[in-house]
Amino acid sequence: MTIGKLIDGKAFAATLRDKVGEGVAGFVEATGRKPGLAVVLVGEDPASSVYVRSKGKMTVAAGMESFEFKRPDSIGEEDLLDLIEELNHDDRVDGILVQLPLPGHIDEAAVIGAIDPAKDVDGFHVVNSGKLATGQEALVPCTPLGCIMLLKDELGDLSGLEAVVVGRSNIVGKPMAALLLAESCTVTIAHSRTRDLASVVHRADIVVAAVGRAEMVKGEWIKPGATVIDVGINRVTDTEDGKARIVGDVATAEALAHVRAITPVPGGVGPMTIAVLLRNTLVAAHARAGLGKPEGL
Ligand SMILES: Nc1nc(=O)c2c([nH]1)NC[C@@H]1CN(c3ccc(C(=O)N[C@@H](CCC(=O)O)C(=O)O)cc3)C=[N+]21
């Protein structure tokens, strides 16, 4: 039996962060200031806190300014909207990221809608999702854009390929489908109500799994030679040793016998998300400074 390869997202992300760092140096030279990223974290979720800390460190390592705003779970929607308004008007801030999910009493759509679309480095504002859907220049959600970068690196031109996205979230599934369509793939969005998911997935040259269910996509579902991008990050307790680990939405070990290539979890898509966030912040800074698009990103 042949074995497919693991796509090293961690290494690709490190290279991308280095390129962003070079772009940042050019930006500083041209403008006399650093690009700035503001991250807003509401509540104390330990996993979210870890990601926010890691984002802050990598932002600074790329030569950018990092601003962190921590607010208690009890914050009212109005106060959060006021903070965003303040960041919208702060010239040192090129990118605003509000860590999701937000507490239940806060309307996420209202908060995202309050972000200046020019600073929306997550690409979640309807102005940016609408631009993406209609093929206009936009800030594009980090995780799906990172997936496209890995796919193009592995496969080159994606045009004409059959792509199945499993999951229909606004954060991953829908923008992922829009990006694959823009690359001229034939795109199917499958989800929890899809009948005979196994045979839908079996059609795909490209599978993007973003359902948030541990190892739900089985190895035998994968068409021989397909490329699989696993977006899932699921915390599970190992049945054998009782230890906590992180697994994706794909049964990776099984899938390896079928795929051409697959992203591991961890070390696949996750690190790309943060690298693209830095890339988007530099893109936003360039646009806001009237410098056009940064080169080579
Ligand atoms: N507005 C908003 N934008 C986000 O981009 C956003 C968010 N909210 N809320 C939370 C999720 C989660 N997220 C991750 C980023 C990096 C890794 C990452 O680097 N993971 C590593 C390490 C995994 C680990 O060990 O925990 C890996 O997969 O190899 C994971 C998850 C961004 N998120």
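1. Helix α1 passes helix α10 in a left-handed crossing. A crossing is called left-handed if the near helix is turned anticlockwise from the far one by less than a right angle, and right-handed if clockwise. Helices here (H or I, at least four residues) and strands (E, at least two) are DSSP runs, numbered from the N terminus.

2. This is a predicted model, in which local features need pLDDT of at least 70 and side-chain atom pairs count only at pLDDT 80 or more, while totals for chains, interfaces and linings use all residues. Residues are numbered from 1 along each chain as its sequence is written.

3. α1 covers residues 9-31 and α10 covers residues 269-288; the two pack at an angle of about 15°, with their axes 8 Å apart. That makes α1 roughly parallel to α10. Angles under 35 degrees count as roughly parallel, over 145 as roughly antiparallel, 65 to 115 as roughly perpendicular and the rest as oblique. Axes are lines fitted to C-alpha atoms, for helices over the stretch in contact, and angles run from 0 to 180 degrees between N-to-C directions.

4. Among the α1 residues that meet α10 are Phe-12, Leu-16, Val-20 and Phe-27, and the α10 side includes Met-272, Ile-274, Leu-278 and Leu-282. Two residues are in contact if their C-beta atoms, placed from the backbone, lie within 7 Å. The residues of this contact of α1 with α10 divide into 14 nonpolar, three polar and three charged. Ala, Val, Leu, Ile, Met, Phe, Trp, Tyr, Cys and Pro count as nonpolar, Asp, Glu, Lys and Arg as charged, and the others, Gly among them, as polar.

5. α10 also packs against α6, at an angle of about 110° and with the axes 8 Å apart. That makes α6 roughly perpendicular to α10. Leu-145, Cys-147 and Met-149 are among the α6 residues in the contact, and Val-269, Met-272 and Val-276 are among those of α10. By class, the contact of α6 with α10 has ten nonpolar, four polar and no charged residues.

6. α6 (residues 142-155) packs with α7 (residues 173-182) at an angle of about 40°, the axes being 8 Å apart. Their crossing is right-handed. Pro-144, Leu-145, Cys-147 and Ile-148 in α6 meet Pro-175, Met-176 and Leu-179 in α7. This contact of α6 with α7 has seven nonpolar, no polar and no charged residues.

7. The protein is divided into domain 1 (32-117) and domain 2 (142-270), with bounds that come from an automatic or database domain assignment. The C-alpha centres of the two domains lie 28 Å apart. Both domains give residues to the shell around the ligand, so the ligand lies between them.

8. The ligand is surrounded by 17 residues, the closest being Gln-99, Leu-100, Pro-266, Gly-270 and Thr-273; a residue is near if its C-beta atom, placed from the backbone, lies within 6 Å. The largest share of the shell, four residues, comes from α10. The shell residues divide into eleven nonpolar, five polar and one charged.

9. Most residues other than glycine have a negative phi, and most peptide bonds are trans. A cis peptide bond joins Leu-100 and Pro-101, with omega about -5°, and Pro-101 is in the loop between β4 and α4. The bond from Val-265 to Pro-266 is also cis, with omega near -5°, and Pro-266 is in the loop between β11 and α10. Ser-184 has a positive phi, near 65°, and lies in the loop between α7 and β6.
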